[in-house]
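Here is a short briefing to read alongside the structure. Have the viewer open and follow the topics one by one.

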Amino acid sequence: MRVGWLLLVAMAVGVARLSGQTIHPAVAASVVTARVRTEQLGEAFQFSGAAFGGEGTLSLGRVELGLSYLQGRLDPDTGSAPARDLIEGSVLLGVRPVEWLTLSAGPHARAYAANGQTQRWVYWELRVRAAKPFIGAAVRGYAELWRAVAADANVPEPFDHAQGGEAGMVVRLARAPLEARVAYRIDHAVLGGGTRLETVDGVVIGVGLSWH
Amino acid sequence: MRRHLAWLGVLGCALGATPSTAAAQAADSLLVSGIRAYRNLEFDQAALQLRRGVGQLTAAGAPVAHRAQGLVYLGAAELFRGRRDSALAVFRRLVLLDPRFRPDRLVFPPEVTSVFEGVRLRTKTVAIVIPRDTAIPLQDGALRAWLVASSFQTVNVTLLYENGTSFRPLYFGPIGDSLPVQWDGRDAAGQPVPVDRLLLRVASRAPTGELASLLQLPLDLKISRPDTLPWPDAPAGSELRPERAAGGPATRALLGGLLLSAAVVSLPAAVGSHDTPSGPRVAVASAVGVATALGYLLHRPSRPLPANIRANESVRQAWRARLAAVQAENARRLADVRLRVHAGDPAAIEAAGP
């Protein structure tokens, strides 16, 4: 929780510097080849499929607000378990203490729906993201790590910890706000002292518009 | 108030007057009274006053026209006094002073004008008409003088060094009424004049070949070479852009790509997942690797930068144009060497007797 307070102080400092700044919006659409793997008492269940989503960011000075939504259908890779619907969304408020570094925090919710039952996961995350151009100004690489400081899931096992990350590159066309993104993302949750492991990973391919 | 102004005027006139102007005024009044006496046929009185007046004018360096007027009246007065020899001497002096002078036939009777003509025809001398200051281009210019003869004669026009040795002959031959002579500012070998003073000497000879008179004119010379412009400096290094790419962007692309690929591949381990298929990660890492390779090729070190090369070429072109303009201007200035000539006062040199 102490880290959460520090992040809030950092955001407050960022908000205090907002006067005279311009809002920079960004929107993107993406497709994610998602794979969900659950290991429980020595058994593994794996689902995969494509999910489609969108995300948007509003930047004002050093502060930014990010929203994302993702939805898709996951089919079982093994066994005879029914297919699931995947719905995921997040709201993150961040601050950039330096140009290449963003600290953000907020809720990240995920739900699996199958046969009228819904399994909900809500993580309260702290994220650190570093981004820097490495091929001229056209290609920017980024890596992001997050850790859940609190979680709520309607599963029997008590929540232990969860963390995840994403790394990839964004190609920006010269003199145009059009961007293309390819990245790999993963998050991993541990419940019940390791009796249940939840891993979600996949490749993200997206296009977007960014007015920076 | 008026008295004060009058006194101030008198004082100003008294302070402004100089001995030479006072002498000239006295000589003028002598000439006037001499001419009046001549017209009253008082030739003795006229001759006395005119001789004194001419003497004072000569001493004061009065203009030739003034002195010539006094001399012609003096010669006429001497003639009518019966002193023909004196009249001849005065007329000869007048011809030597101004070979172009002719008595006014409306003023002087034929007895006077015929005697004067006789003297003029026998007296061989010339006047040199030349601008006081001249600047002549050495490339293709010339100093032009005009010789005006008293009568038909043979002249020898020569430029001399100050010590009297010959520098360059300009003309030898007959002269009727007048003759132009010119000098191109160079010696006989075509080289620019090496000294800063020459003498223009005109020797007049009678038809018998006898030396009749010598007239000499000093010429002060100065070669004027215009300053040349300094060449413009070549473009400094700070004005030019690098024409070859530095290694920084390529290295950054390579290291950044490698780092990003490593981050993608090791991401599951970083979040504690050890049983994750590598396919998606490798695909993304490969895409990053391809982009890295392309970025390295696009930003490879020492590759030519055409935009910078073009920009530098335009800077160099502008410098070359400025240089060519300065060189052309300097060539024009170097070719425009001028000889400045200041002509002094002519002096008659007595010809040695036979």
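**A barrel and its helical neighbours**

β7(A) and β8(A) pair in the antiparallel sense, with nine bridges between them. Across this pair, Arg147(A) has Gln163(A) of β8(A) as its bridge partner. Please keep in mind that the model is predicted.

**How the helices of chain B sit on the sheet**

- Helix α7 of chain B, residues 248-270, packs on the sheet and touches β6, β7, β8 and β9 of chain A.
- The direction of α7 of chain B makes about 155° with that of β8(A).
- Helix α8 of chain B, residues 279-298, also packs on the sheet, where it touches β1 (23-40), β6, β7, β8, β9 and β10 of chain A.
- For α8 of chain B, the angle to the direction of β9(A) is about 145°.

**The two helices against each other**

- Two packed helices are described by the angle between their axes and the distance between the axes.
- The axes of α7(B) and α8(B) cross at roughly 180° and come within 9 Å.
- Angles over 145 degrees count as roughly antiparallel, and α7(B) and α8(B) are therefore roughly antiparallel to each other.
- On the α7(B) side, the residues making this contact include Ala250(B), Leu254(B), Gly257(B), Leu260(B) and Val264(B).
- On the α8(B) side, Arg281(B), Val284(B), Val288(B), Gly289(B) and Tyr296(B) are among them.
- By class, the residues of the contact of α7(B) with α8(B) are twelve nonpolar, five polar and one charged.

**The barrel of chain A**

- Which order do the strands of the barrel follow? Ten strands of chain A close into a barrel as β1-β2-β3-β4-β5-β6-β7-β8-β9-β10, with antiparallel pairing.
- From one strand to the next, the twist averages 20°.

**Chain A as a whole**

- Chain A has one helix and ten strands, and read from the N terminus its elements run α-β-β-β-β-β-β-β-β-β-β.
- Of the 212 residues in chain A, 35% are buried.
- Among contacts in chain A between residues at least 6 apart in sequence, 55% join residues at least 24 apart.

Conventions: Residues numbered from 1 in each chain as written. Chains lettered and ligands numbered in written order. Predicted model: local features only at pLDDT ≥ 70, side-chain atom pairs only at ≥ 80, totals over all residues. Helix = DSSP H or I, 4+ residues; strand = E, 2+ residues; numbered from the N terminus. Buried ≥ 20, exposed ≤ 12 C-beta atoms within 10 Å, placed from the backbone. Contact = placed C-beta atoms within 7 Å. Pairing = 2+ DSSP bridges. Axes fitted to C-alpha atoms, helices over the stretch in contact; angles between N-to-C directions. Parallel < 35°, antiparallel > 145°, perpendicular 65-115°, else oblique. Nonpolar A, V, L, I, M, F, W, Y, C, P; charged D, E, K, R; others polar.
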